[in-house]
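Please look at the structure first.

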Amino acid sequence: FELQLDWRIDAIPGDAVTISFAGGSLDVSSLVRAATVGAAIETRIPLSCFRDAGGAFDAVGTPLRMTAGKGFATTLRSVRIVAKGLAAACPPVSRK
């Protein structure tokens, strides 16, 4: 399964952008910086990436958390768990 975000990047920060799911954190800065500001995008991240980053799916207290430096702005249209589609590479693990 994958975490699917339908979102728009409204402003790109100078600092890292992380997405955490079930306690596993990934650095999605390169995905954010590659996006066209103001354009709707879909991002799919395999749940196994979050597990490999330390996520614990047996007791999810905070299903989704995004953190970023000053100046980041995004519009989240939807976030959901979907069946795995095309093979997607894992973003780097966040070391924060």
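Is the disulfide of Cys 49 and Cys 90 left-handed or right-handed? The torsion about its S-S bond is about -85°, so the disulfide is left-handed. Bear in mind that the model is predicted.

## The disulfide

A disulfide is a covalent bond between the sulfur atoms of two cysteines. This structure holds 1 disulfide. Cys 49 and Cys 90 form it, with their sulfur atoms 1.9 Å apart. The pair links distant parts of the chain. Cys 49 sits in helix α2, residues 47-52.

Cys 49 has a relative accessibility of 2%, so Cys 49 counts as buried, the cut-off being under 20%. Cys 90 has a relative accessible area of 44% and is partly exposed, because that class lies between the buried limit and the exposed limit of over 50%.

## Sheet β3-β2-β5

Three strands form an open sheet in the order β3-β2-β5, with antiparallel pairing. β3 and β5 (65-68) stand at the edges. Each has a single partner strand, so one side of each is left without a neighbour in the sheet. From one strand to the next, the twist averages 20°.

Strand β2 covers residues 17-21 and runs antiparallel to β3. 4 bridges join the two strands. Ile 19 has Leu 26 in β3 as its bridge partner. Phe 21 stands opposite Gly 24 in β3. β2 and β3 form a hairpin with 2 residues between them. Ala 22 in the turn has a positive phi of about 55°.

Which residues of β3 (residues 24-27) lie on its covered face, and which on its uncovered one? Gly 24 and Leu 26 make up the covered face. Ser 25 and Asp 27 make up the uncovered one. Leu 26, the bridge partner of Ile 19, is therefore on the covered face of β3, where buried means under 20% relative accessible area.

## Sheet β4-β1-β6

Another open sheet has 3 strands in the order β4-β1-β6, and the pairing is antiparallel. β4 (40-46) and β6 stand at the edges. Each has a single partner strand, so one side of each lacks a neighbour in the sheet. The twist here averages 20° from one strand to the next.

Strand β1, residues 2-11, is joined to β6 by 9 bridges, and the two run antiparallel. The bridge partner of Ile 9 in β6 is Thr 74.

Conventions: Residues are numbered from 1 along each chain as its sequence is written. This is a predicted model: local features need pLDDT of at least 70, side-chain atom pairs count only at pLDDT 80 or more; totals for chains, interfaces and linings use all residues. Side-chain values use heavy atoms; hydrogens and water are left out. Buried means under 20% relative accessible area, exposed over 50%, partly exposed in between (1.4 Å probe, protein chains only). Two strands pair if DSSP finds at least two bridges between them. A disulfide is a pair of cysteine sulfur atoms within 2.5 Å. Axes are lines fitted to C-alpha atoms, for helices over the stretch in contact, and angles run from 0 to 180 degrees between N-to-C directions.
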